[in-house]
Amino acid sequence: MFGQIARRYDLLNHLLSLGIDRRWRRRAVRLTPPEGDSPILDVCTGTADLAIDYWRASNERTPIFGIDFCRPMLQRGAEKLFRLGASHRVRLLEGDALALPFFDNCFQLVCVAFGLRNVSDPDRGLAEMARVCRPGGRVAVLEFSMPHRWPFGALYRFYFRHLLPRIGQSLADNDQQAYQYLPQTVQSFPQGQAFLERMADAGLDRLQRHPFSGGIATLYVGRKSARPAT
């Protein structure tokens, strides 16, 4: 499904969100900035937008790794990195978020933007992110959420459930109903306190959540305990 929409993925993201997705990523980076020069991992990196934002935020010094199992998406990301001259600092790898090909305790920050709900076992994916995060490091998850404040919440739900799928499906060349899949996964994914509890189960503490744009998206952040496990 993602391979089929890779060619227009960035265009449709920006179009359907009216460009707000760029601001969400940049704000997520500001709230979880690079701390030193040790590496950062972007899971479900897709076309590498979040990885590129972290590369820029680190003044192009911090090694960034992006991993995804969809090769056509990675190919689009590699093209962007080449145009930006960032290929020497941002490395894209084809791999599985449920079995990250890294040793324990490697990264100062492990992040994911709008991808964790797409893996077949989000709890296992979150546990893998925590595993490769170094003690004292951070895990950051930027994900869609559903606003509830009336009338904005009602208007947004109508757009998200009915208009967005039709617009996206009409513009994306795919036979997998990719833009019907989007609202279905968002509505079934744990949100708010329920997701913070999942992060705690993965061994993270000092948990925070930051709603964006009235709750359309939420950034969840946790730190991996610096104390050895008992």
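Which side chains meet in a salt bridge at 2.9 Å, N to O? They are those of Arg25 and Asp21, where a salt bridge denotes a side-chain nitrogen of Lys or Arg within 4 Å of a carboxyl oxygen of Asp or Glu. The model is a predicted one, in which local features need pLDDT of at least 70 and side-chain atom pairs count only at pLDDT 80 or more, while totals for chains, interfaces and linings use all residues. Residues are numbered from 1 along each chain as its sequence is written, and side-chain values rest on heavy atoms, with hydrogens and water left out.

The overall composition may be stated before the details. The secondary structure of the protein comes to 9 helices and 7 strands; both are DSSP runs numbered from the N terminus, helices being H or I with at least four residues and strands being E with at least two. Of the 230 residues, 51% count as buried. Buried means under 20% relative accessible area, exposed means over 50%, and partly exposed lies in between (1.4 Å probe, protein chains only). The accessible surface of the protein amounts to about 11400 Å², and carbon and sulfur atoms hold 53% of this surface. These areas come from the Shrake-Rupley method with a 1.4 Å probe, and for residues only the protein chains shown count as cover. Among contacts with a separation of 6 or more, 72% are between residues 24 or more positions apart, a contact being heavy atoms within 4.5 Å.

The pair named at the outset belongs to helix α3. Arg25 and Asp21 are 4 residues apart in this helix and are therefore separated by about one helical turn. An α-helix has 3.6 residues a turn, so residues three or four places apart point the same way. Both partners are buried: Arg25 has a relative accessible area of 7%, and Asp21 has one of 4%. Helix α3 spans residues 20-31 and includes Arg23. Arg23 also takes part in a surface patch of positive charge, together with Arg22, Arg26, Arg27 and Arg30. Patches are made of residues with over 30% relative accessible area and no salt bridge; like charges are joined within 9 Å, and nonpolar side chains (Val, Leu, Ile, Met, Phe, Trp, Tyr) within 5 Å. Lys and Arg count as positive and Asp and Glu as negative, whereas His and the chain ends are not counted. Each charge is placed at NZ of Lys, CZ of Arg, CG of Asp or CD of Glu.

Helix α4 comprises residues 49-57 and contains Asp53. Because 7 of its 9 residues are buried, α4 is largely enclosed by the rest of the structure. The buried residues are Asp49, Leu50, Ala51, Ile52, Asp53, Tyr54 and Trp55. Asp53 has a relative accessible area of 16% and, with residues up to four places away in sequence set aside, touches Arg25, Arg26 and Val29. After α4 comes Asn59, which has a positive phi, near 55°.

Helix α5 (residues 71-84) holds a further pair, Arg76 and Glu79, 3 residues apart. Their salt bridge has its closest N and O atoms 3.8 Å apart. Arg76 is partly exposed at 31% relative accessibility, as is Glu79 at 39%. A search of the whole structure finds 12 salt bridges, and one network of such bridges links Glu35, Arg138 and Arg223.

Phe65 lies in strand β2 (residues 64-68) and counts as partly exposed at 24% relative accessibility. Its C-alpha atom is 9.9 Å from that of Trp55, 10 residues away along the chain. Beyond residues up to four places away in sequence, Phe65 touches Pro39, Ile40, Leu41, Asp42, Arg91, Leu93 and Phe107. Leu92 is found in strand β3 (residues 90-94) and is partly exposed, with a relative accessible area of 21%. Apart from neighbours within four places in sequence, Leu92 is in contact with Thr45, Ala48, Gly66, Leu74, Gly77, Ala78 and Leu81. The C-alpha atoms of Leu92 and Gln75, 17 residues apart along the chain, are 9.0 Å from each other.
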